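Have a look at the model first, then read on.

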Amino acid sequence: MTPEPPVLAEVRLTINGIEHTPAVDTRTSLLDLLRERLGLTGSKKGCDHGQCGACTVLLDGRRVNACLILAVACAGAEVVTVEGLAHNGELHPLQRAFIEHDAFQCGYCTPGQLCSAVGMQSELASGWPSAVTDEEPELTAAEVRERMSGNICRCGAYPNLVAAILETSR
Amino acid sequence: MTSVSQQAVGAALDRVEGREKVTGEALYAYEHRSDDLVYAAIVPATIPKGRVRRIDASAALALPGVLAVLSHGNAERLPDADGELALLQSDRVAYRGQIVAAVVADRIEIAREAERLVHVEYDKEPHDVELRADHPHLYKPDTVNPGFETDTEEGEVDAALLSAQTTVDVTYETPSFHNNPMEPHASLATWGDDGGLTIYDATQGASPARETIAEVFGLKAESVRVIAPHVGGGFGSKGTVRPQAILAALAARAVGRPVKVAVTRQQMFHLTGYRTPTIQRVRLGAEPDGRLTAICHDVVEQTSTVQEFAEQTAVVTRMLYAAPNRRTSHRLVALDVPTPSWMRAPGECPGMYALESAIDELAIALELDPIELRIRNEPDHDPESGLPFSSRNLVTCLREGAERFGWAERDPRPATRREGHWLIGTGVAASTYPARRQPSEAVARRDGEDFVVSIAAADIGTGARTVLTQVAADALHVEPERIRLELGDSSLGQAPLAGGSMGTASWGTAVHRVCHKLIEEREEEEEARVDTSDEIEAEEEYSRHAFGAQFVEVRVNSDTGEIRVPRLLGVFAAGTIVNPKTARSQFIGGMTMGLGMALLEEGILDPHFGQVVNRDLAGYHVPVYADVDEIDATWIDEHDPHLNPIGSKGIGEIGIVGTAAAVTNAVHHATGIRFRRLPLRLDRVLEALA
């Protein structure tokens with residue numbers, strides 16, 4: 001059996017405001033493009049199967065598991081990773097609240113939690129309902145717990161994460 | 001030098017590496033960079049027992065970008081390696097998932113494809129992976145982890161049980177639990193021109209890892225450097241060197257380039273250790289007033305055929321409650337399974353689930369409040385060793401927790417509270433964990449007006465960097481901002497691992513001493529060094545333990561079997577709390593994992609294929625946001641002069657001890673049903689309710 005050579009494709013995409021045009025192996029996930037090709041190791045690989053949320057990034061403003069997206073499918077996309085949340089050295093309010101509320105311990109799920117929380121806040125602001133929404137989505141601890149359940153924290157910082165997210169969402 | 005009146009120890013300092021972690025700058029093992037770096041991928045065994053007959057690597061090697069395929073046939077010989085670290089040294093397969101080969105390729109995608117192209121043929125043998133209390137090959141290990149006596153006996157247990165007015169004789173079962181830190185185990189290895197080896201490793205202890213890796217490769221310890229500035233959790237699973245570290249080094253030497261490898265989430269269930277399943281029989285005998293006359297705790301658990309690991313499950317029963325007649329035992333069977341290892345509070349965690357459940361069963365049999373029953377059996381010294389306790393505030397924790405939780409209003413009758421579909425109950429259990437120390441080296445040096453303190457400690461998310469900064473600040477009489485704390489590097493000296501809840505006590509002693517030495521004895525000098533071996537050797541004999549009490553409210557859905565935990569409270573007595581912010585996180589983190597143990601977590605072994613079938617995070621459920629409602633931890637003021645210069649007891653593990661018993665005790669109170677097998681899965685609850 002002669003193995004097929006890998007197929008390479010050039011992709012133009014914007015990451016944290018900077019345009020990149022890498023030639024990617026068509027099997028490469030967005031997560032591996034970020035981590036292994038572009039040196040953006042803030043996005044974490046916890047399971048590579050979309051089960052833990054550690055790789056969550058914002059793709060055209062919506063939160064996605066970067067391990068489940070093929071890089072080649074990101075042509076023209078705008079990607080924001082944890083490295084793009086702070087501006088000119090000034091932390092995003094969620095980043096500040098995470099520190100203040102001790103919303104992490106080992107820190108490995110943290111970048112995904114942060115990007116997920118940013119995405120969740122905009123979903124909530126757009127009126128998207130969740131499984132626990134009664135009529136209008138309101139910012140409650142129950143909504144945060146429901147909407148953030150795709151981001152696992154094995155250190156168990158959930159009460160602190162909820163407090164940090166609630167504080168910055170008000 | 002400005003002196004500060006405000007003490008740093010006791011202050012709720014933010015994590016000193018917080019900014020690095022929230023910006024994504026903090027680098028974990030797999031993320032370090034190196035020129036010419038290539039990728040290794042693991043080929044796992046697809047049979048549970050037998051021999052590798054033949055490996056055909058030709059298809060993999062034909063793939064452009066593949067540099068090597070390693071197997072027992074061509075891998076470097078490691079005569080000093082044994083157990084799980086004797087990697088690719090033999091054709092034997094001892095469990096499904098064991099590493100039988102590895103590929104090295106210049107890109108991650110190619111390594112992954114090549115791994116699937118390696119064709120392995122086996123000679124399969126019959127396997128045995130099922131733990132049973134009547135297994136014919138049960139044996140008595142020489143000691144149990146990390147060196148305790150296997151069995152203990154005092155008095156006449158059988159006679160006392162026969163003559164006791166009230167007895168409990170019950171058996172509890174726990175499944176395998178899997179640590180599942182968020183960062184998969186990973187290593188990046190580079191060989192230097194001088195024959196030295198540098199490994200970025202996901203490890204809980206850079207200096208013990210260095211010793212082990214040096215031994216495996218027949219090197220002097222000085223020739224190996226292990227670096228781990230940030231570690232994405234471990235919970236014991238990164239406390240021992242795991243096979244991927246050896247693989248990275250073997251592969252790097254084979255291809256002459258730096259190699260990195262990460263264990264996949266699925267492979268973690270077989271390659272990174274786990275908590276053994278247990279079958280625990282607990283027998284208690286008591287007088288009508290509740291005083292225990294006999295305690296007996298017999299444990300059956302498993303190990304592998306690769307190396308022995310004997311969890312010390314019944315050891316905690318030797319010290320918790322007074323009783324004149326007492327016996328504990330541990331029996332193992334070596335199955336065709338991966339080797340179990342440390343998981344948060346090995347011994348105490350599963351052992352206290354059984355003991356504290358049995359105590360609740362006894363309280364019900366005696367019609368006595370479970371807190372009062374515990375108070376009546378409070379020993380005035382360590383029942384096993386006869387030593388005085390350095391401090392013991394279990395009763396204070398129980399009383400304080402009862403007050404905060406509103407225990408006094410509790411109606412003890414089970415299955416009497418219902419709100420719609422929900423049955424409501426409350427439960428309590430005790431927590432305890434030993435307070436130990438090990439020797440450590442540390443260095444402190446001046447850096448202009450600031451100070452650098454170096455110690456080969458590990459911060460796996462515990463907050464070690466932060467609390468050691470606080471200890472140093474107080475010893476040097478400066479603000480914490482003036483301290484730069486260096487850790488996570490074996491070149492910083494000898495230090496114990498982050499394990500056994502002894503990090504802060506062990507490293508803290510060294511940091512405290514070295515900072516004092518620098519400003520008091522080395523006023524004119526740039527740096528000071530200490531080694532605390534003598535101090536720890538000369539420690540007075542005490543029985544040193546932290547204690548706690550956990551209170552749980554549960555709601556059990558009578559239609560679906562769903563269990564919700566609206567309230568979980570822990571009250572702990574752990575000496576000086578160095579940082580209330582990070583300490584609370586440690587306690588609630590442990591309790592959350594305990595909640596997972598009670599309700600969700602279970603490695604399900606397929607006896608036919610001999611593997612964990614739910615080996616990912618979709619199948620093995622750890623607690624997520626929606627599983628955790630109100631959870632809080634607090635602590636009492638405890639001053640114990642017999643510990644260490646900081647007066648602290650370890651807090652990393654006690655949070656998981658007792659939680660599962662508190663939950664199942666509450667479920668009994670809610671439903672009247674005693675579940676003696678973890679976890680309390682919906683299907684099991686529903687069946688019992690029907």
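**A sheet and its helices in chain B**

β10(B) and strand β15 (residues 278-286) of chain B pair in the antiparallel sense over nine bridges. Two strands count as paired if DSSP finds at least two bridges between them. Helices (H or I, at least four residues) and strands (E, at least two) are DSSP runs, numbered from the N terminus.

The model is predicted: local features need pLDDT of at least 70, side-chain atom pairs count only at pLDDT 80 or more, and totals for chains, interfaces and linings use all residues. Residues are numbered from 1 along each chain as its sequence is written, while chains are lettered from A and ligands numbered from 1 in the order in which they are written.

**The sheet**
- B:Thr166 stands opposite B:Ala286 in β15(B).
- The open sheet has five strands, in the order β9-β17-β16-β15-β10 (chain B), with mixed pairing.
- β9 (152-154) and β10 (166-174) of chain B are at the edges; each has a single partner strand, so one side of each lacks a neighbour in the sheet.

**Helix α10**
- Just after α10(B), B:Gly406 takes a positive phi of about 80°.
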